[in-house]
Amino acid sequence: MKFPADEEVLAHGFRFRPAWWIPRVSEGWGDFLEQLPAGDRGYRTIARADLLDTANSHGLPQSLLAGYVWGAGSSAFLVGRRARVFRDNDSQRMEEALHAVAEMVRRGNTVDAYTALLRGQPHYLKHLGPSFFTKFLYAADARDRQPGRALILDQFVAVALKTVDGWEISRNGPWDPSTYAKWIDHAHGIATVEGVRADAVEMAYFNEGRKIAAGR
C-alpha cells in the first residue's frame, strides 16, 4: 500500500458549491465556506488542510460542517440527505455535544469521545454516524495541521481493513468502540514504522478501500 506524502494528504480535496450547504445550516455556520478558494461557476475547493484548520479557525459546528462538505465532495445529490443532521438537531444541543466530545478528545480520551457520540450515548446526535463524527474528532484533535490520536473511520477504510488485513468488520458500521480503538492503534503503529503521518495511513486505506469497492 502506498502512503501519500504530507503535501498530498493536505491537498486531498473536492470542489463544491457553498449554496448547496449554507441554506441548510444555522445562520453563520456556513460563512467560512465562502472564504475557501474559488473556481468557476460558483464552485470552491475544500481540502483536508481546511478541515484540519476549521475547529480552531472558525468553531466546532463549522468543523462538523466542514467534515460533511469535504466528505460529500462534488456529489450535490448527497447534500440533502447528509444535511439532515443540521436540520433535525437543536443547534444549541449540537454545540454543547460537540464541545463536550472535543474536550474529551483533546484530553486524550479518544475512544471515550467516540463512544459518547454513538446511538444511545449522552452526546448522540440524530443522523450523525461514525463515518462523519470521526471526521469531526480528527479535526478537533489536530494541531497545526498535524493529526492527534483521532483518525477517520469510514466505509472505505473498513473495506480495506477487511480485504487487505482480514479484519472482521462490516462495511457500513456502526463500529463498536473496541474496533475504533484497534483501528487507531493499527494506523498509528504503521505510521511509526513507515515514518509517515497517521492520516497518510488513513488516506491510503481509504484509497485502497474505494478501489476495492469499485471492483478495480
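The side chain of Arg44 reaches the backbone oxygen of Glu34 at 3.0 Å, a polar contact in the sense of an N or O pair within 3.5 Å, where one atom must be able to donate a hydrogen and the other to accept it, and where residues adjacent in sequence count only if both atoms are side-chain atoms. The structure is a predicted model, in which local features need pLDDT of at least 70 and side-chain atom pairs count only at pLDDT 80 or more, while totals for chains, interfaces and linings use all residues. Residues are numbered from 1 along each chain as its sequence is written, and side-chain values use heavy atoms, with hydrogens and water left out.

Arg44 lies in strand E2 (residues 44-47). Helices (H or I, at least four residues) and strands (E, at least two) are DSSP runs numbered from the N terminus. With a relative accessibility of 19%, Arg44 counts as buried; buried means under 20% relative accessible area, exposed over 50%, and partly exposed in between, with a 1.4 Å probe and protein chains only. Beyond its neighbours within four places in sequence, Arg44 is in contact with residues including Phe14, Phe16, Leu33, Glu34 and Pro37, where contact means heavy atoms within 4.5 Å.

**Overall fold**

The protein chain contains twelve helices and two strands. Its radius of gyration is 16 Å, close to the 17 Å that the globule rule gives for 216 residues, so the chain is as compact as a globular protein of that length. This radius is taken over C-alpha atoms, and the globule rule is 2.2 Å times the number of residues to the power 0.38. The C-alpha trace spans about 45 × 40 × 35 Å along its principal axes. Of the 216 residues, 50% count as buried.

The largest nonpolar core has 71 residues, of which Trp21, Phe86, Leu128, Phe136, Leu137 and Trp183 touch the most other members. Helix H4 (residues 60-72) supplies the largest share of this core, eight residues. Such a core is a set of buried Ala, Val, Leu, Ile, Met, Phe, Trp, Tyr and Cys residues joined through side-chain atoms within 4.5 Å. Not counting residues up to four places away in sequence, Trp21 touches Leu65, Tyr68, Val69 and Ala72, among others.

Helix H12 (residues 198-213) has 16 residues and reaches 23 Å from its first C-alpha to its last, close to the 22 Å expected at 1.5 Å a residue. Its buried residues, among them Val201, Met203, Tyr205 and Phe206, pack against helices H1 (6-11), H3 (48-57), H9 (130-140), H10 (155-165) and H11 (177-194). Just after H12, Gly215 takes a positive phi of about 80°.

**Loop residues**

Most residues other than glycine have a negative phi, and most peptide bonds are trans.

Leu125 is in the loop between helix H8 (110-116) and H9 and is buried, with a relative accessible area of 1%. The C-alpha atoms of Leu125 and Met94, 31 residues apart along the chain, are separated by 7.0 Å. The peptide bond from Gly173 to Pro174 is cis, with omega near 0°, and Pro174 is placed in the loop between H10 and H11.

Definitions and conventions
Expected span 1.5 Å × (residues − 1).
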